[in-house]
Amino acid sequence: MERPAPGGRERFSWDGWKNLLLPQLNRQSLYVYGSEVAVERECIRQRERGVFVIHPFSSLRSYYTMCMVAITFLNLIGIPIEIAFLDGQTGVGWEGFNVFSDTLFLIDVGLNFRMGIIAEDSEAAILDLKCIRQNYLKSWFIPDVIAAFPVGYIILIADLQYHSDSPSSKANKMVRILMFVRILSLVRLLRVSRLVRFFNEVEKVSNANLEVVRVFFRILSLFMMIFLLCHWNGCVQYFVPMLEEFPSDCWVRRENLMNATVGEKYSFGIFRALSHMTAISYGSSETPTNEVELWIVMTSIVSGALMYTVLVANTVALLTDADIPARIYKSKINHLEDYMVFMKLPKALRLRISNYFQARYQGKWYEEKDVLNWVSSSLREEIVMTMCSGLVRKVPMFKNCDVNFISSIVSELQYEVFQEGDVIMCQNTPGDRMFFIEHGQVVVETDSFQQELCDGDYFGETCLLTRGRHLYTVQAQTICQLFSLCVDSFYRVLRDYPEVMTDIYREHLSRE
């Protein structure tokens, strides 16, 4: 019996933590990388780098983002209430939350130098520390540093500094510090930029397969921003008269709120803000009594108009311009479902057909031939070469062929998708195509032989030269995205390149 290596338990625990940094196998990672094999290769790539980087599709990144969204939203709600209504009487619990939030946001600034990113022009994750650092310094670093200013620590240090003073002396000093800190605390409202960034990250890693989720997050972020605008406006309604020490003609004194509870003050502040923003003037039965109150009312009305503009613009964008290919795909799926119901197809078959469309089009409908016809012949050739030339070059008989011949072969390839369990070719059936595996995993079987193939592999090449029968059965083990080359297309291209035909047959004979 083998004995465990010393420290094995600690090493296993550390490996478990490191696995949280790696991309997880889910719909998002499968959409980006194409197959389980490709996701595993991405995990290997990150392990080989040997540095602490949090992958965009890792479990830790998902949990961390959700946690930061919750903490940020609580800060954006609590900070205005603290500044406007609590008058320095926050209690130990709130001071502890402030210190915890400040600490977390300072840590977040450091962690962002270790957060993998998804580039705008590439679906691959960037894990290079230098690129991550440059991207962060050019984008969110300055807003994040300003928003992470540790105001909670200042309050805590001031409280400890004057703890031994007499009550009256301590009260006078704390009032001056409190007024300074209240103004300084406004800086922390820049944490709204964090909320915007976190929602952008969620939307970026979402995809067509999660279109409903992406739309949900867009709507949620919109309503959260509207709620925060109303909340901040209500707090400002009370905060500005408080800075003026409540003049005799201010609305707070008119409503007899000087000795009211925080809940009452907040409710009246929100009521006034909403009445201005919705332009019904119900909360302002009297005209503003001074210049400051006049500007507050005007700002509140303008913010309400902006709120309406943003709401209408986002609603129109969601209903019309947002993701047209996804809407076309949804329309096609609806027609397909109506057809399957009309033809009374079995439920199992209907499910397989729906799954095929999901795997084939991935939630977006493109007429690929039409798209390629829109561009010039040189661009069309460059597109297909970028997509498939690497796959074709891996076949030994194509490895040293002329680039023009490879370009002609690539233009004849047909994109095909097979579901898990589909038989792609059967043994002893006429061979009419060979296949190149872009993404997926298949098993090649004969009576005495079995082999697994995955991304970048190929099969069925013998049929191109012999026009014979398939020598084995090939079955898909996962969803497979393949390119096929028909025998007739292959020989049609060969007629234009007779010298290549000689080289290919010579290569094939030497391998036999």
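Let's start with helix H21, residues 487-494. H21 is mostly covered. Of its 8 residues, 6 are buried. They are Val 487, Ser 489, Phe 490, Tyr 491, Val 493 and Leu 494. Keep in mind that this is a predicted model.

Now the overall picture. The protein has 512 residues, and 39% of them are buried. Its secondary structure comes to 22 helices and 10 strands. Next, contacts. Take those with a separation of 6 or more: 72% of them join residues 24 or more positions apart.

On to the surface. The protein exposes about 28,900 Å². Carbon and sulfur atoms supply 60% of that area. One nonpolar surface patch is formed by Leu 106, Tyr 153 and Ile 157. Together these three have about 270 Å² of accessible area. Tyr 153 is found in helix H8, residues 151-161. Is Tyr 153 buried or partly exposed? Its relative accessibility is 30%, so Tyr 153 counts as partly exposed.

How many cavities of 30 Å³ or more does a search of the whole structure find? The search finds 3. The largest cavity has a volume of about 50 Å³. Its lining is Val 240, Pro 241, Glu 244, Cys 250, Trp 251, Asn 290, Val 292, Glu 293 and Ile 296. Two or more lining residues come from each of helix H11 (211-243) and helix H14 (291-321). Which of the elements gives the most to this lining? H14 does, with 3 residues.

Conventions:
Residues numbered from 1 in each chain as written. Predicted model: local features only at pLDDT ≥ 70, side-chain atom pairs only at ≥ 80, totals over all residues. Heavy atoms only, no water. Helix = DSSP H or I, 4+ residues; strand = E, 2+ residues; numbered from the N terminus. Buried < 20%, exposed > 50% of the residue type's maximum accessible area, 1.4 Å probe, protein only. Contact = heavy atoms within 4.5 Å. Areas by Shrake-Rupley, 256 points an atom, 1.4 Å probe, with all protein chains shown as cover. Patch = residues over 30% accessible without salt bridge, like charges linked within 9 Å, V, L, I, M, F, W, Y side chains within 5 Å. Salt bridge = Lys/Arg side-chain N within 4 Å of Asp/Glu carboxyl O. 1 Å grid on protein atoms, 1.4 Å probe; cavity = no way out; pocket = protein on both sides within 12 Å on 5 of 7 lines; lining within 4 Å. Points joined across faces, edges and corners; volume = space filled by probe spheres on them.
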